[in-house]
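Open the model in your viewer and keep the sequence beside it. This tour goes from one selection to the next.

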Amino acid sequence: MGQANEMDRPDAEILPELPFKLAPRVTKADRLNDRTTLNRALSERLFLLVKGPITGDRWDLPMAVLGKGGKDGRDSMRRTHEATVGRFLGEKFEAYMPSNAPVGMHWRVPAATAGASSVGAGGNVYGEKVFFYRAQHLKGRGRVVEEGVEEFVWVTREEVGEYLPQETGEEKEYAQLVKNVL
């Protein structure tokens, strides 16, 4: 009987009785709008966006090309994802990969063939498939160490749209897809 009553008590009544003080959810980085640290927006998930020569000098998610290794001469998409997290964030950054499967996919058609058919002579397909994976921060600093990255930010799902370019229809579609898979 005592436990049921304890569970029914409101938080406002229980919190003052705790033997410790809860840390505030609003940090100095929040007050300064410092988006280069993981110590911000503590009540929301943060996502890494990078900018530099590696992304064509525009904001985008960290990316990698599927590696060549493994038994059949190719790495799995999961191993490539794990290696990419390590390459961008360093060895001391520990992340949990919740799935072997991607959370989304985008088909990029080169600008030269965007208006034309994406199938060429001989049945060759033009463009590239971009798969999205999720990694959750466990511990370590969220400092980007990858060469070719000049700027990086940790943003909430709502803030992503402020960074991804949206001038063309394809860019708007891509930005919306990214927000949806996050």
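Buried here means under 20% relative accessible area. The model is a predicted one.

**Stop 1: Arg9.** Select Arg9, in the loop that runs between helix H1 (2–8) and helix H2 (11–14). Is Arg9 buried or exposed? Its relative accessible area is 18%, and because the cut-off is under 20%, Arg9 counts as buried. Now show side chains around Arg9. Another joins the Arg9 side chain to the side chain of Glu17, at 2.6 Å. With sequence neighbours within four places left aside, the contacts of Arg9 are Ile14 and Glu17.

**Stop 2: the largest nonpolar core.** Next, select Leu49, Phe132 and Val178, the residues with the most contacts inside the largest nonpolar core, a set of 16 residues. Then colour the elements that each give two or more residues to this core: strands S1 (47–51), S4 (128–132) and S6 (151–155), and helix H5 (169–181). Which element gives the most? That is H5, with four residues.

**Stop 3: Val178.** Which residues does Val178 contact, leaving aside neighbours within four places in sequence? They are Leu61, Phe132, Val160 and Leu164.

**Stop 4: another core.** Finally, select Leu46, Val50, Phe93 and Trp154. These are among the 13 residues of another core, which lies apart from the largest one.

Note on methods: Residues are numbered from 1 along each chain as its sequence is written. This is a predicted model: local features need pLDDT of at least 70, side-chain atom pairs count only at pLDDT 80 or more; totals for chains, interfaces and linings use all residues. Side-chain values use heavy atoms; hydrogens and water are left out. A nonpolar core is a set of buried Ala, Val, Leu, Ile, Met, Phe, Trp, Tyr and Cys residues joined through side-chain atoms within 4.5 Å. Buried means under 20% relative accessible area, exposed over 50%, partly exposed in between (1.4 Å probe, protein chains only). Contact means heavy atoms within 4.5 Å. A polar contact is a pair of N or O atoms within 3.5 Å; within protein, one must be able to donate a hydrogen and the other to accept it, and residues adjacent in sequence count only if both atoms are side-chain atoms.
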